[in-house]
Amino acid sequence: MDLNEDILYMKEAIIEAKKAEGKMEVPIGAVIVLDGQIVARGHNLRESNQSAIAHAELLAIEEACGKLGTWRLENATLYVTLEPCPMCSGAIILSRIGRVVYGAADPKAGCAGTFMNLLTDERFNHQSEVVPGVLELECGELLTNFFRQIRERKKEEKRRRKETLLDNLEGIDRQ
């Protein structure tokens, strides 16, 4: 595939990430492409499903396997907005996905070359081609903005609690 195709499909993964964000989920999205067609989509649903395994990649892999009637996705490409974690990398290896294209690197848990590299480790019986950094800025900004908003919300909640406490204390002093 060429860079233009990678950008096109990464934009589709970004659409999925925005769906997650709309649900107050960490904005991570994924699409799986086979023979020039998107065969599956997924976005993070950990909070909605209260499930540690409801990652965008896993949901997309599950959908692709169901639609295609096989667990082997050898000729497929996975596009994901954030570098896959250890769990998702394991699923990528086990489903034999041939190619993984990701946007933002994950220095804390990325297993496609940043923190460690499971996807090209020759000790496994399958390796995936890895293409990092496609629309990296856009993908990274989604995450940065999401977590900034959470911090701002928490700061505002703390300020409101403090104001309420002070109001209550003033009411007690007047009695």
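Q: What do the side chains of Asp-6 and Arg-99 form?
A: The side chains of Asp-6 and Arg-99 meet in a salt bridge, with 2.8 Å from N to O; a salt bridge here is a side-chain nitrogen of Lys or Arg within 4 Å of a carboxyl oxygen of Asp or Glu. The pair links distant parts of the chain, since Asp-6 is in helix α1 and Arg-99 in strand β4, 93 residues apart. Helices (H or I, at least four residues) and strands (E, at least two) are DSSP runs, numbered from the N terminus.

Q: What sort of model is it, and how are residues numbered?
A: This is a predicted model, in which local features need pLDDT of at least 70 and side-chain atom pairs count only at pLDDT 80 or more, while totals for chains, interfaces and linings use all residues. Residues are numbered from 1 along each chain as its sequence is written, and side-chain values use heavy atoms, leaving out hydrogens and water.

Q: Are Asp-6 and Arg-99 buried or exposed?
A: Both Asp-6 and Arg-99 are buried, and for Arg-99 the relative accessible area is 9%. Buried means under 20% relative accessible area, exposed over 50%, and partly exposed in between (1.4 Å probe, protein chains only).

Q: Which salt bridge does Glu-129 form?
A: Glu-129 forms one with Arg-99, and their closest N and O atoms are 3.5 Å apart. Glu-129 lies in strand β5 and Arg-99 in strand β4, so this pair ties together parts that are 30 residues apart in sequence. Glu-129 counts as partly exposed, at 46% relative accessibility.

Q: Switching to the sheet, what is the order of its strands?
A: It is an open sheet of five strands in the order β2-β1-β3-β4-β5, with mixed pairing; two strands pair if DSSP finds at least two bridges between them. β2 and β5 stand at the edges with a single partner strand each, so one side of each is left without a neighbour in the sheet.

Q: How do β4 and β5 run?
A: They run parallel and are joined by three bridges, and Val-101 stands opposite Val-131 in β5.

Q: Last topic, the core: how many residues does the largest nonpolar one have?
A: It has 47 residues, and Met-10 and Ile-32 are among those with the most contacts inside it. A nonpolar core is a set of buried Ala, Val, Leu, Ile, Met, Phe, Trp, Tyr and Cys residues joined through side-chain atoms within 4.5 Å. The largest share of this core, six residues, comes from α3.
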